[in-house]
Amino acid sequence: MANTGSGSLATILFLFLFQAAPHKGAAQYPVVSQNLVTDNVSVVEGDMAMISCRVKDNDDSVIQLLNPNRQTIYFRDVRPLKDARFQLVNFSDNELRVSLSNVSLSDEGRYVCQLYTDPPQEAYADITVLIPPGNPIIEARDEVLSEGNETEMTCTAMSSKPAATIRWMKGDKELPGKPKVELTYDKMYTVTSRLTFTVNKEDDGVPVICIVDHPAVKDFQAQKYLEVQYKPEVKIVVEFPQGLTREGENLELTCQAKGKPQPQRVNWVKVDDDVPSHAVITGGDLYIENLNKSYNGTYRCVASNSVGESFDDYILYVYDSAPSTEPAAHDSRAGEGAPRTVDHAVIGGVVAVVVFAMLCLLIVLGRYFARHKGTYFTHEAKGADDAADADTAIINAEGGHTNSDEKKEYYI
């Protein structure tokens, strides 16, 4: 025990004499050496920092660690500085490693690893203290919005070091904000980001997220859900009939209207005319019995709320009633009996074409036979036609009968 106490006392005395002794000549100034190495440290306020002084080739020279004020923290394995937050982690000929717990902003600065040689060698470890920002604060100018309007939000990250960066997300889409950085009296940074954007009805219920990026924290964010009001969306659904609308049938339409707030009124009107007097309107339903062509026109469903008004149109065209060849063919699915009517028409058309073609063929054949019969009689009297008088004609005609080689007959 006495030897240990004497050794520590001797070390402290040597350190005092070394620091008090005057340095003569430029050779006594410390130099930065590649033989002595250390690392910069970034640490979050309140956490622990580790400082390591390492010697590549040591010739039994003494290693010590100094604070930013050049006060000796450790001389070899002895801690002259009365700050219990510094603790020796490892000491050997090649390393002096010291921990600093519960780091505060006042601990920030340049620490010196020093090797007692001639001249002394030094290496520098910069400790940077990170101070995370407070919880981000997100504020909206408008609590309730209407579609098409522009709104503004701000997000603030206070008292951090270094300054934080702020990003904005609307749903899964990133939006650009305008940041403003302020340095406070205690050398902290406050960052405020301002976001301006236009909303539509699809934004209702979508979160707007403020994300704060800082080396001291992860996944630091705040969010606010949008409440967007929008005018109604209107759609007319045909409940009956499912096919064509025909005379004598019934018509049933339903008006579906959705908006925020929910539509206060739903009205049925007929464009450029009045709704038939016997039509029944119940809420969003329109019912017309026994259709006829005088009901043709455009029927409009109009819905409105505090934001605005919207409508949807249905064009009614009443077709002739379908022929009822079977009792079951007359129902809402107009046109079930139509295929039979179409088949009869096609058959009648084919028969008419065939009859017309036969008549044309008979006429052509008749004209053909009549023409060739006249040609036969003309050849018989050819000699008489060329004679100068009646006697000559008789002689020529008789001569024509005697000359059988010149007479030719054609039969068809």
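User: In which sense do strand S18 and S19 pair, and over how many bridges?

Analyst: The model is a predicted one. Strand S18, residues 207-214, runs antiparallel to S19, and seven bridges join the two. One of the residues involved is valine 208, whose bridge partner in S19 is lysine 224. In general, the strands of a sheet are held in pairs by backbone hydrogen bonds, in a parallel or an antiparallel manner.

This pair belongs to an open sheet of four strands, which follow the order S15-S14-S18-S19 with antiparallel pairing. From one strand to the next, the twist averages 30 degrees.

Serine 160 lies in strand S13, which covers residues 150-160. Serine 160 is buried, because its relative accessible area is 0%, and buried means under 20%. A polar atom of the serine 160 side chain lies 3.0 Å from the backbone oxygen of proline 162. Beyond its neighbours within four places in sequence, serine 160 is in contact with several residues, including Ile131, Met188 and His214.

Elsewhere, strand S25 (residues 297-304) pairs with strand S26 (residues 309-316) in the antiparallel sense, over eight bridges. S25 and S26 make up a hairpin, and four residues lie between them.

Key. Residues are numbered from 1 along each chain as its sequence is written. This is a predicted model: local features need pLDDT of at least 70, side-chain atom pairs count only at pLDDT 80 or more; totals for chains, interfaces and linings use all residues. Side-chain values use heavy atoms; hydrogens and water are left out. Buried means under 20% relative accessible area, exposed over 50%, partly exposed in between (1.4 Å probe, protein chains only). A polar contact is a pair of N or O atoms within 3.5 Å; within protein, one must be able to donate a hydrogen and the other to accept it, and residues adjacent in sequence count only if both atoms are side-chain atoms. Contact means heavy atoms within 4.5 Å. Two strands pair if DSSP finds at least two bridges between them. Axes are lines fitted to C-alpha atoms, for helices over the stretch in contact, and angles run from 0 to 180 degrees between N-to-C directions.
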